[in-house]
Amino acid sequence: MTRECAALLPGVCAALADPRQPGLDDTCLEKLLDWFRSLTWFDPTVELLRDNPCLPELITSVLALPDPSPSILSFTLQLAGILASSESRFQHLQEEKLLGRLFGQEGPRGGAAWEDASVRSAWLRGVHSLLHHQPALRFLCSWGAMDVIFALQGDPSLFVASAASQLLVHILTFSLESETSKALSAKDCDWPVCAQMIVKHIQESLQSSSASHIEQSLKLLSSLFGSCFGSCYAAWTEVLWLDIAKQIESFLLEETVQAQPVLANLLLNVARSPVFCGTEGSFWALVTSALEHLTPVQAGPLAVGLLKLCKCPQDVRIQALTVLLQPMDCILRAASQPLECAGLLDESVSDPVAVESLLSSKTSCAGLLCQTLAHLEKLLSLKHLKVDLPCVSLLHSLMTILQFCNGFLSPTSPLGSTISRNLINCFKVQKSALDVLAALSEKKDCDTLIGSLFDVLLAYLQSPNTSPTVLKKTFQATSKWLVHLQELSSSNSQQQQTEKILEGVFLVLQKRLCSPCWEVRDSSLEFLTAMVKCLRDQNEFRQCLLSSEVLRLTENLLEDPESYVRASAVTAVGHLALITCFAPESPATGSQYNKESIVAKLQEILSTDSEGFPRRAVISIFTKWLREGCTGRLEDTEQFVSRAIQAVEHDLDWEVRLGGLELVEVFCSQTICQLAQCPYAPVSSAVTSSTPQKELLQVFCRAKLFGFLFGSLCDCDKPVGQRACDVLVGLRGHFYPMSTLENPQEVEDSPAGRGIAWLQRTLRQGSLAQSFPMDGGDGVDFQDPESMMLALGAIDLLELHDELNKSSDHVEESPQSLLQDILATVGTIEDNEVDCY
């Protein structure tokens, strides 16, 4: 603690303990606790209390108050726990007889303040903080605190109940730390006192007739096995599991127990423990039983969790997959005649009637399918799945679900008719099914159904009943499957199929680009951009694109009344230009596809559009064109970049200005590559005056880069200044080796010296210099190569870099500032909320 803080602390403590003072803002108190946590973390000695007697005095004063405010009492409980986290300070506070009065029977838990949930929560957090040494553990057991924690597991406040459960996990884990050195096996474990109390409480709760007590203990066990306890204390884990396994098994078999979801989570956490990594034993039999007896909704999370485990036995893994596939199997069977389709599965793990019943109910059908589809999407995203998914049947089932949802399939079976009625126009199921459909595009064995699949996708794209959100998902799935389609071997029949599908896609796209709904127009443009990114080199795609009306319609949307659509149109036009304008042999003809025309339109949007989104899109596209070398010769690129800079340097949107700096950075890098040997490489002083270096500076000055870069250093939005500084530091690294920076005295004596000195002073003001003259000031000529060479070598860009990267609150959030804020605030009559961020 600094001397300044030590001097302020007594006043702060006195103010906190004074009931006449108005309460402090809770955020301010939390900041104060954070400071004490950092102090005690680095210094475990008792000197903190001896050097600052105001801290124990604060606790004593608050305890003496007849009716302390909940916020101050909560603060005091947490502060005491933090201070008592080291054994020496714990003993000091015990000698002062303070801890028993806070956390023991005579503490606040018997008073009116205990009715406030924040006080109960603070009591638990205080106990959690002090529990870092054995004396604290003995204190808890001897002062009756364990019974309080057990009771708080069932607190009406979920925050308090959760904190109580976490504290019990911490106590049990901590109490075993001293036992880990013993050579333990499951047979000779003897629980320490605190741990024994917790285990006994768990066993008694599991055997009680109270459903809430059973659920609390199951949640505690789940947290316990899910924590480091299950990984680090193998022998204890095995003992605990053996003590409760029979009871858990009985819960699975008893239909009256309402805690099945918690049971599934508990079994999954136990399965993650190294103790049960073997393929034999009663545990995996219990898991199998759970997969059979839990409802399909409850078994789903357990099944997907087991499939992610590397050590799960193969037979259990297959059963888990079967559980997930049962609803998809039921869909397939319900959609076909009894003997036409065998479905997905040869046999079921649990009774298929349970799944059929859920799918037959209007209230549960969508929920079960959305959960199942979400689990399948997770599995498809895994790189290494140790079971084979039946992708073809799964794709067939997904197509069936989507056809049920839009009414394009009329099943003849009674079950199929019921499911179809339940799913008609069900947007949630449609979106989930399309997500899985998109994920399946990565699989290579679904090619036999690709024609039927595109029939389903095109039906969704064409249907007026497809909602905008479902349409967006359909576009995403379609673009992924189009990429997959192009990857197939190029036989004549497949080329004809590809052309037919693409023609259908472009016909739909033309219609959707004219939709009265802006979300649909926006999604259509995003879809077009995604296709161009992936398929622009494919002949079939280019031919279908150029023979459609899509190009014209997309350009028209540059003038759309909705700014999101204009931004998406800019992006689409920018990518289309790579095919129509910038390709070596551009296939498009006609004035509307002229390169100069497209560039002019986008520059107009950059200069005049009233919304930020389209302008951001333009500068992003310009940067992409520059990266891909589409802007032509260096002279043309120089003019292109210069015009863009002049448009963005006064833009009110900081992201547009930031995009302009990215464009400049790419331009600098490419120009250096063209005119020198290596981007941003330091060169010797002998080369500094060579022609390439002079030419580089002339190019950058003609493009008006330096005025933009130096002006951006004073931008009121810090990311802009940081990026500009990065670019200038990179340029200086190219023009000056570290050992050859300009001599400040020589610079000052030079003709441009006065201007450079002014520039240095202005840059030090940072964002305060908001009227930074881009065209120079006090003799600075930003377009003069020699002046800019001097500026790069003389101005301390690294110091500026450090200043710009400092957190803006490095002073305001200091402990001293916080204490000063508190002292300035307490005692005022007006509203006293402190801004201590």
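Predicted model: local features only at pLDDT ≥ 70, side-chain atom pairs only at ≥ 80, totals over all residues.
Helices are DSSP runs (H or I) of at least four residues, numbered from the N terminus.

- Leaving aside residues up to four places away in sequence, Thr554 is in contact with Leu513, Leu525, Leu528, Ala569, Ala572, Val573 and Leu576.

**Phe475 in helix α26**
- Phe475 belongs to helix α26, which covers residues 468–487.
- The relative accessible area of Phe475 is 3%, so this residue is buried.
- When residues up to four places away in sequence are not counted, Phe475 touches Leu461, Leu509, Arg512, Ser523, Ser524 and Phe527.
- Phe475 and Val505 stand 30 residues apart along the chain, and their C-alpha atoms are separated by 9.8 Å.

**Packing of helices α1 and α44**
- Two packed helices are described by the angle between their axes and the distance between the axes.
- Helix α1 (residues 3–17) packs with helix α44 (residues 815–825) at an angle of about 30 degrees, and their axes are 10 Å apart.
- Because angles under 35 degrees count as roughly parallel, α1 is roughly parallel to α44.
- The two helices, α1 and α44, cross in a left-handed manner.
- From α1, the residues Glu4, Cys5, Leu8, Leu9, Gly11 and Val12 meet Pro815, Gln816, Leu819, Gln820, Ile822 and Leu823 of α44.
- The contact of α1 with α44 comprises eight nonpolar, three polar and one charged residues.

Notes
Residues numbered from 1 in each chain as written. Heavy atoms only, no water. Axes fitted to C-alpha atoms, helices over the stretch in contact; angles between N-to-C directions. Parallel < 35°, antiparallel > 145°, perpendicular 65-115°, else oblique. Left-handed = near helix turned anticlockwise from the far one by under 90°. Contact = heavy atoms within 4.5 Å. Nonpolar A, V, L, I, M, F, W, Y, C, P; charged D, E, K, R; others polar. Buried < 20%, exposed > 50% of the residue type's maximum accessible area, 1.4 Å probe, protein only.
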